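Have the model open as you read.

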Amino acid sequence: MIEYLNQNGGAVTALATIALLGVTGWYAWITRALLLEAQRTRLDANEPRVVAYLRPHEVHSNFVQLYIANLSGAAAVEVSAGIKRVTEWPASLDLEDSKTLSDLGFLRPHEVLKFDLGRGPDLFRDGTAAVFQIGITYRSLDGRIYSFQSDLKVESLSGYGSWRIYGIDDVARRLDEISKTLKGFTGFSRMKVDTYDSTDRADEAAWRDQQRETLRNRDGGDGA
């Protein structure tokens, strides 16, 4: 074996060198993969996530609010938002040309901004809910650009709140229903409540004594 190695020393050295290069390359590939994973983790940790959605007003349940929230633990900068109607209603939208929305600027981690969007009944027409389209652009602190676009449907608030307008016809119909219901009550009868006092207890004791005396007399008469 030793003689064979001595005779083929050059070949053995070449094979050992190739094996060493393979191991070194494998370690280099693993190191690069770990480095890329660390970079992705760092980027994800610094990635803001700004979204928009609708909710009923926390105090005035007849109003709808637009929420713009940063759901991430990283800050967002150069935040700019715009909203417009998809449906023809409501007749006017105060936030459509809002300078405040277009110049939001900075959102802290987990910060939520709320804007009054409109009164609930005004956001419906013939039972159909209004739809809005919103677009948001923003950057991360390291300069990466992001965007958010979505259709916001008032009908998505089903289960959170409800709105209804009562017109003159509705009010008249409801008053008529109440009137018919009240006519069903022809009158009231006073409930008679029997009381049980000490006199009643004394009378009951006397009655029991009388019954016992009657039984004794009857039993004595039968025995005679």
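## Overall layout

Keep in mind that this is a predicted model. The protein has five helices and nine strands, and going along the sequence they come in the pattern α-α-β-β-β-α-β-β-β-β-β-β-α-α. Of the 224 residues in the protein, 24% are buried.

Now for how far the contacts reach along the chain. Taking contacts between residues at least 6 apart in sequence, 64% join residues at least 24 apart.

Strand S8 (residues 131–139) runs antiparallel to S9, and nine bridges link the two. Valine 131 has lysine 153 in S9 as its bridge partner.

## The three-stranded sheet

There's also an open sheet of three strands, ordered S1-S2-S5 and again antiparallel. S1 and S5 each have a single partner strand, so one side of each goes without a neighbour in the sheet. Here the twist averages 25° between one strand and the next.

S1 and S2 run antiparallel and are joined by seven bridges. Look for tyrosine 53, which sits opposite tyrosine 67 in S2.

## The nonpolar core

Which residues have the most contacts inside the largest nonpolar core? They are Leu66, Ile68, Ile83, Phe132, Ile134 and Ile136, in a core of 31 residues. Strand S1 (50–56), strand S2 (63–70), strand S3 (76–85), strand S5 (112–119), S8 and S9 each give two or more residues to this core.

Isoleucine 83 makes a handy example. Setting aside neighbours within four places in sequence, isoleucine 83 is in contact with residues including Leu66, Phe132 and Ile134. Also on the contact list of isoleucine 83 are Leu93, Leu95, Glu96, Leu101, Leu117, Gln133 and Leu152.

## The largest pocket

How much space lies in the largest pocket? The figure is about 180 Å³. S5 gives the most to the lining, with four residues.

The lining includes Pro90, Ala91, Ser92, Leu93 and Asp94, along with Asp116, Leu117, Gly118 and Arg119. Phe63, Asp122 and Leu123 line this pocket too.

Definitions and conventions:
Residues are numbered from 1 along each chain as its sequence is written. This is a predicted model: local features need pLDDT of at least 70, side-chain atom pairs count only at pLDDT 80 or more; totals for chains, interfaces and linings use all residues. Side-chain values use heavy atoms; hydrogens and water are left out. Two strands pair if DSSP finds at least two bridges between them. A nonpolar core is a set of buried Ala, Val, Leu, Ile, Met, Phe, Trp, Tyr and Cys residues joined through side-chain atoms within 4.5 Å. Buried means under 20% relative accessible area, exposed over 50%, partly exposed in between (1.4 Å probe, protein chains only). Contact means heavy atoms within 4.5 Å. On a 1 Å grid over the protein atoms alone, a cavity is a set of points where a 1.4 Å probe fits but cannot get out, and a pocket is an open set with protein on both sides within 12 Å along at least five of seven lines; lining residues have an atom within 4 Å of a point. Grid points are joined across faces, edges and corners, and a volume is the space filled by probe spheres set on the points. Axes are lines fitted to C-alpha atoms, for helices over the stretch in contact, and angles run from 0 to 180 degrees between N-to-C directions.
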